[in-house]
Amino acid sequence: MKDLNPKIDMNKTWHISRREFLRHAGLLITGTAIASSIPLSACRNNTEGTETATTFQTETLSTDVIYSPDTLKENRIPPGQREVQACPILHEGAIPQIDHSEWTFTISGLVENKNALTHSEFMALPTVKVFSDVHCVTGWTKLNNLWEGVSSREIADLAKVKSEAKFVIVKSDYRKYSANMTLEDFLKEDVLFAVKHDGLNLTDAHGAPARLVVPSLYFWKSVKWVTGIEFTDRDRPGFWEVFGYNNHGDPWKEERY
Ligand SMILES: Nc1nc2c(c(=O)[nH]1)N[C@H]1C(S)=C(S)[C@@H](COP(=O)(O)O)O[C@H]1N2
Ligand SMILES: [Mo]
């Protein structure tokens, strides 16, 4: 059985070694297939320097914000999780260099409107704001995130999803990352393709130009550097699900591996 409780330092000097990352993956892979570099990071450590992100608290939010239901719970820390203040950066491989003029968002599968939106077309779509918590399967929880971007429902409306579709695969062409979920989970009100976090544009490290955010599931489902979505009638495991992660990933039920 895999180690469900990696001994990761959850202090502010949060750091995960390559070995721990591999343990996180429940894998023993050699070579360069999986690299990790997860430095201590505020959410903004690599931008212009003068910007400081606001830490939003529930009571400071305006009325146009969608509250992820879990943020209204009295206990917001799921079992086996620990709250961190830092803003960890976690992914396999290197941060892709994305030229926004080349980036597209592809809508495919069981839809009436197959589409490939350019960056400016995507950015012109109506946006929503969502306030959510984030739970990584490695054990860290980051509360109070304010996301802004295009809701999953907006994308589904644009796509005109056929009735046979029951699942989605959200993809990043960069290093072929993907995550699967039911259409029902995807269409929850608090799911969005975020382009901003805490009031500022997403950084490259956190998935710019757009990342999925699915607050009700472990954060591995929240694909960074997203490049498209496929609607399907058959479920197909994504990047980590292939390696034995739980197919669903509900943090409150500890559906980890
Ligand atoms: N494209 C891509 N998206 C990804 C990942 C990845 O490796 N590649 N890792 C996932 C995991 S395991 C986590 S915890 C979050 C981390 O997001 P953050 O770096 O913004 O904290 O991104 C998720 N999305
Ligand atoms: Mo994660």
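This is a predicted model: local features need pLDDT of at least 70, side-chain atom pairs count only at pLDDT 80 or more; totals for chains, interfaces and linings use all residues.

**Entry: the ligand.** I looked up what surrounds ligand 1 and found 17 residues, the closest being Pro88, Glu92, His206, Arg211 and Lys224; a residue is near if one of its heavy atoms lies within 4 Å. Sorted by class, this shell has 10 nonpolar, four polar and three charged residues, where Ala, Val, Leu, Ile, Met, Phe, Trp, Tyr, Cys and Pro count as nonpolar, Asp, Glu, Lys and Arg as charged, and the others, Gly among them, as polar.

I then looked at polar contacts (pairs of N or O atoms within 3.5 Å). An oxygen atom of ligand 1 lies 2.7 Å from a polar backbone atom of Pro88, and an oxygen atom of the ligand lies 2.8 Å from one of Glu92. A nitrogen atom of ligand 1 is 3.0 Å from a polar backbone atom of Ser222. Taken alone, ligand 1 exposes 530 Å², and the protein buries 98% of that (Shrake-Rupley method, 1.4 Å probe).

**Entry: the cavities.** How many cavities of 30 Å³ or more are there? I counted three, a cavity being a set of points on a 1 Å grid over the protein atoms alone where a 1.4 Å probe fits but cannot get out, with lining residues having an atom within 4 Å of a point. The largest cavity holds about 330 Å³ of space, and ligand 1 sits in it, as more than half of its atoms lie within 2 Å of the grid points. Its lining has 22 residues, with Leu90, His91, Tyr177, Trp220 and Lys224 nearest the centre.

The second largest cavity has about 100 Å³ of space. Strand S6 (residues 140-151) gives the most to its lining, with four residues; strands are DSSP runs (E, at least two residues).

**Entry: the backbone.** The peptide bond from Ala208 to Pro209 is cis, with omega near 10°, and Pro209 lies in the loop between strands S10 (200-201) and S11 (211-213).

How values were computed: Residues are numbered from 1 along each chain as its sequence is written. Chains are lettered from A and ligands numbered from 1 in the order in which they are written. Side-chain values use heavy atoms; hydrogens and water are left out. A polar contact is a pair of N or O atoms within 3.5 Å; within protein, one must be able to donate a hydrogen and the other to accept it, and residues adjacent in sequence count only if both atoms are side-chain atoms. On a 1 Å grid over the protein atoms alone, a cavity is a set of points where a 1.4 Å probe fits but cannot get out, and a pocket is an open set with protein on both sides within 12 Å along at least five of seven lines; lining residues have an atom within 4 Å of a point. Grid points are joined across faces, edges and corners, and a volume is the space filled by probe spheres set on the points.
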